[in-house]
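Visitor: I have a model open here and would like to talk it through. Could we start with the charged side chains and then move on to the fold?

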Amino acid sequence: MPINLANEKSLNKFIANLVYHGGDIDTFTAKDLTSKDYIENNKTKIVNAMTYQWLKLRVREYFTREESVTNITPDSPEWLVKAVSSGQKVFNFNPDNVPSEFHRDLQFIRDFFYPTCEEYINKELDKPKTKLKLDFLKTINEIDTFEAAKDEAQKWHDDLAKKAEKQQNDADNFKKSKVGTEFLMDLGDDYYAVQVGGPNMNRKDTETALDYESDIMGHCVGKGSYDENVQNGSIQIYSIRSK
């Protein structure tokens with residue numbers, strides 16, 4: 001059953017800001033998605049596009065729980081007039097009414113999708129011929145609703161936390177902690193702050209630093225989810241550590 005939104009652009013902008021952090025939405029040609037070199041060099045952009053497609057569909061469904069549109073105004077588009085006149089439900093999306101908890105859930109799911117999509121992309125790259133599907137996430141039965149995706153994301157985050165508990169505080173581990181970080185300030189009581197990765201670091205060190213932070217803390221800042229945006233400076237990550 002089609003879901004009518006009176007303000008489709010508002011929802012798309014809301015999702016785009018979440019996925020692209022205010023940047024432009026990327027588009028791809030059929031040739032792009034069959035070129036191994038292109039895919040290898042643009043993984044983050046492709047993962048973002050896959051995430052954007054899924055969120056547009058599932059969040060659209062989720063927000064049809066909102067109150068439907070019943071008033072027609074002189075400037076209402078023709079399709080809206082016809083839909084309401086024929087008895088179809090039409091919904092409004094208001095980003096100002098999005099609860100902070102729901103916004104956090106969206107970020108939770110977005111971060112879980114990155115390694116999910118990256119694994120799919122890597123498997124496709126191992127094949128003799130590669131042909132990526134941007135709607136890949138829509139084909140996974142376990143995440144066919146917003147609630148189901150939230151549950152799967154929770155399992156993934158819980159698994160990260162368990163792995164963090166197994167980390168050893170040995171000399172090698174301490175050495176790894178220094179890679180890709182920049183000292184910021186001494187906080188007293190043997191605590192200090194560092195910036196993790198960023199434009200001043202090379203890409204490999206940023207990736208290593210973010211992965212380390214994820215492994216120790218049991219969260220999703222590593223594993224590729226934030227590499228691109230931290231490296232270009234649109235996101236900054238800070239870590240408070242003890243000596």
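Guide: Let us begin with Lys127, which counts as partly exposed at 40% relative accessibility; please keep in mind throughout that this is a predicted model.

Visitor: OK, and which side chain does Lys127 meet in a salt bridge?

Guide: Its partner is Glu124, with 2.8 Å from N to O, and Glu124 counts as buried because its relative accessibility is 10%, under the 20% cut-off.

Visitor: How many salt bridges does the structure hold?

Guide: There are ten salt bridges, and among them is the one between Asp105 and Lys150, whose closest N and O atoms are 3.2 Å apart. Asp105 belongs to helix 5 and Lys150 to helix 6 (residues 146–165), so this pair ties together parts that lie 45 residues apart in sequence.

Visitor: Is Asp105 buried or exposed?

Guide: Asp105 is buried, with a relative accessible area of 8%, whereas Lys150 counts as partly exposed at 30% relative accessibility.

Visitor: And where do Glu78 and Lys82 lie?

Guide: Both are in helix 4 (residues 78–85), four residues apart, which is about one turn of the helix.

Visitor: Changing topic, what does helix 1 pack against?

Guide: The buried residues of helix 1 (residues 8–20), including Leu11, Phe14, Ile15 and Leu18, pack against strand 1 (4–5), helix 3 (43–62) and helix 5 (100–125). Helix 1 is followed by His21, whose phi is positive, near 55 degrees.

Visitor: And the sheet, in what order do the strands come?

Guide: Three strands form an open, antiparallel sheet in the order 3-4-5. Strand 3 (181–188) and strand 5 (238–242) stand at the edges with a single partner strand each, so one side of each is left without a neighbour in the sheet.

Visitor: How many bridges join strand 4 to strand 5?

Guide: Five bridges join strand 4 (residues 191–196) to strand 5, and in one of the pairings Tyr191 has Ser242 of strand 5 as its bridge partner.

Visitor: Last one: how many helices and strands are there in the protein?

Guide: The protein has nine helices and five strands, and buried residues make up 43% of its 243 residues.

Conventions:
Residues numbered from 1 in each chain as written. Predicted model: local features only at pLDDT ≥ 70, side-chain atom pairs only at ≥ 80, totals over all residues. Heavy atoms only, no water. Pairing = 2+ DSSP bridges. Helix = DSSP H or I, 4+ residues; strand = E, 2+ residues; numbered from the N terminus. Expected span 1.5 Å × (residues − 1). Buried < 20%, exposed > 50% of the residue type's maximum accessible area, 1.4 Å probe, protein only. Contact = heavy atoms within 4.5 Å. Salt bridge = Lys/Arg side-chain N within 4 Å of Asp/Glu carboxyl O.
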